[in-house]
Each structure stands twice: as structure tokens, then as C-alpha cells.
Amino acid sequence: DVKLDFKDVMIRPKRSTLRSRSEVELKRTYTFRNSKRTWSGVPIMAANMDTVGTFEMAPVLASYDMFTCMHKHYSAGDWADFAAAHPETLPNVAVSIGTGDRDFGVMNTVLEATPAISHICVDVANGYSEHFVDAVRRVRERWPTHTIFAGNVVTGEMTEELLLTGADVVKVGIGPGSACTTRKQTGVGYPQLSAVLECADAAHGLNGHVISDGGCTCPGDVAKALAAGADYVMMGGMFAGHTESGGDLVERDGRMYKVFYGMSSATAMKKHSGGVAEYRASEGKTVQIPYRGPVEATIMELLGGIRSTCTYVGAAKLKELSKRTTFIRCTATVNTIFSQHKEDHSHGYARVPTAAAAAAAAVADGEGDEGAASSGGGAGGAGGAA
């Protein structure tokens, strides 16, 4: 039983009655099993990373009915200022926490002060810990009617346990993100497509939902994740490097770059925890991504690609995509003949460097050999933040 990643499959086209991509409806409406709340929007979300899940990113994504999981290092005061300035954005954001008491306290303060925020993201690198399950239970007991995202895991039985413990949506993905080195450091992981297929099947049997977190390198991968049954797709690297992204803007050889780092990288741990503790190792990398400008162009390209996927399989609504999809195994999915040439696209992901170029751009942790194009994922902050 070989497990599969996005690069191992393509979606087979099918007869369609759709005349135009404009006919495709990308909005979904979900009712959650535990909170009993309903959410409507385009189920694409920015990861809760310092360099992606920002107060600058959220209003832009919300204007397209998309979602942002904020990184967990904003203070209650920061949240109060943001809520006052952008009340229309609050239905499409989540407060992120790890398992620590400090995070729990900040969450309580923010949610008590701002009832319009109804989503909580409880995020650690290793969702198989009993301590993490207890944390999800604790959050559910304190906030019984808030929608809880929890992860990360990659197997059906743990997806079920989290849903039965109190989560509404389970984050799926260990190690697929471009800024994550967990697989290299630990040997632990699961090919993302198979993880999504199996976890979605388990979740949907309990009226739960899943987020595919990490591993997307292009709009086609996002479409594959949705076609595999993901209810949301979370991205880091594809939203990194923009005006609205976090990370320092630096100049090198006459070109502008933005710093992008994983939340278990040495950079993140030095910033938030004073350094890498002696009992652990960095499981993330830090890279410099060519500056991409405003994120809106990337959003348009992403949504356009997903609409086109739907027309190829005859799905008039995004809801129909998984039912209309047949995956086929393949040995190659793209023609790479010009992959070393600069692409003349205005859209952000098209100018992300190839693996070789990203290796040259890596600036920390000695981990620049996997590229910076795929979505970074949220999992794994110092102390647990995605």
C-alpha cells in the first residue's frame, strides 16, 4: 500500500457542461460538529506562522472570503487594536495557541474582549501527545460554542480522537511544508495526499472536517488537496514573501527579498524562546524569498486555477469537486524543460526560486536544500504554534 503525495497523481478530466470558469462557485458552507456554528467562505487559509498569519494579511484574504489563522505571538493589546480597526475581518480569523498556560490566558483575554472572534486554532507539531489532547479538551470546556481547529496529525484514528475530544476541524500534515525539516530530522511523516484522503474519510464519518496543512507548491496542488477531501487548505510558503507577509525585507545584489522561516526553526526559537533548548533540535529552516509584492495577484492566480480544475471535471461548485475527481497515478506531472528560466509572471508563486536557487538563498539553520515554494504549514512553533 504505497502512500502518495501531490506529485504522484493527476486529476483525470471528465465531460463537463460548464462553459466558463466564471460559472464555478468556490464558496463553501460548513456546520461544525461540536460548536454547532456555521461558516461560509472560500476554504483557503493562511498558516499561523510569524511570516504569514499576520494582521496585514487577514483583511486582504477576508476581502476574498478566505481565512487567516493568526500566529500566536500577538498580545491581547495587539488583538484589541486589530479588532477595532477591522471588525469586518473577525469572522474569518482564528486566535492561535499552543498548549501553554500563557497562550491559554491570552486566548481567554482576546475572546472575552471580542465576541465576534469565533475560531480557535490549537496547534502543536506533534498532535499525538496526550498532553495535546488534554489541551483541546480544556479549550472546548472553556469555550463550548467556539469552533476549534486542532492538529497536526496524519492518521484516521487520531483524527477521530481529536474530534471526539472537542475539535471541529483537524489539521492534517506532518513535515510537508517548505520551511519544515521534521522529516529530515526525525524520519517521521506521511505523504500529504494519502494523509488527507485517510483523515478526511475518518472525519467526515463523524461529521467533522479537516484542513490540509502544507505541501502545496502551486494552485494545482491546492486543487488536489480539495479533491482528496480536504475541507480547507492551509498554506505558508505560497503566501510568504508578499507585502502583507511578516519577515524582514532585505536587499541582496540589487534585489529585494523577504525572510521566511518555519516555526520550529532556530530563527523562531531564538525570537520567541531565547534559543534552541539543549534537549531539542531545530526542525525548520530560514530562507530568503524574492519579494513578490501585494498578495492579491497570488490570490487571483490561486482561485483561477481552482476554478479551472472544477471546469475540467464538471464541478459547478467546489463542493462537488471531490465527488467528481478520479486520481491517476503518474511518474511525472509537469514539463520541467524551462524550470531554470525566470518566468515572466506577475504572480507571486511563479517567481518562487527552484530548489537549487532556494538552496543558495537559505540563510539560517543550514537547511536550504528543499526549496521555498511549497506551503509552509503552521505546525511546530517553539512551544507549539503552527
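Helix α5 passes helix α7 in a right-handed crossing, the near helix being turned clockwise from the far one by less than a right angle. The model is predicted, with local features requiring pLDDT of at least 70 and side-chain atom pairs pLDDT 80 or more, while totals for chains, interfaces and linings use all residues. Residues are numbered from 1 along each chain as its sequence is written, and side-chain values use heavy atoms, without hydrogens or water.

The axes of α5 and α7 (residues 192–204) lie 8 Å apart, at an angle of about 35 degrees. Axes are lines fitted to C-alpha atoms, for helices over the stretch in contact, and angles run from 0 to 180 degrees between N-to-C directions. Helices are DSSP runs of H or I with at least four residues, strands are runs of E with at least two, and both are numbered from the N terminus. From α5, Gly-156, Thr-159, Glu-160 and Leu-163 meet Glu-198, Cys-199, Ala-202 and Ala-203 of α7 (contact: heavy atoms within 4.5 Å). This contact comprises four nonpolar, two polar and two charged residues. Ala, Val, Leu, Ile, Met, Phe, Trp, Tyr, Cys and Pro count as nonpolar, Asp, Glu, Lys and Arg as charged, and the others, Gly among them, as polar.

Helix α5 (residues 156–165) also packs with α4 (residues 130–142). Their axes come within 9 Å and cross at roughly 30 degrees. The two helices are therefore roughly parallel, a class for angles under 35 degrees. The crossing of α4 with α5 is right-handed. Phe-132, Val-133, Val-136, Arg-137 and Arg-140 of α4 meet Met-158, Glu-161, Leu-162 and Thr-165 of α5. Five of these residues are nonpolar, one is polar and three are charged.

A further pair joins α8 (residues 219–227) and α10 (residues 296–313). Their axes are 9 Å apart, at about 50 degrees. Helix α8 is therefore oblique to α10. Here too α8 passes α10 in a right-handed crossing. Pro-219, Val-222, Ala-223 and Leu-226 in α8 meet Glu-301, Leu-302, Gly-305, Ile-306 and Thr-309 in α10. Six are nonpolar, two polar and one charged.

The whole structure holds one cavity of 30 Å³ or more. A cavity is a set of points on a 1 Å grid over the protein atoms alone where a 1.4 Å probe fits but cannot get out, with lining residues having an atom within 4 Å of a point. The largest cavity has a volume of about 60 Å³. Its lining includes His-71, Lys-72, Tyr-74 and Trp-79. Strand β6 (93–97) and helix α3 (101–113) each give two or more residues to that lining.

Definitions and conventions. Angles under 35 degrees count as roughly parallel, over 145 as roughly antiparallel, 65 to 115 as roughly perpendicular and the rest as oblique. On a 1 Å grid over the protein atoms alone, a cavity is a set of points where a 1.4 Å probe fits but cannot get out, and a pocket is an open set with protein on both sides within 12 Å along at least five of seven lines; lining residues have an atom within 4 Å of a point. Grid points are joined across faces, edges and corners, and a volume is the space filled by probe spheres set on the points.
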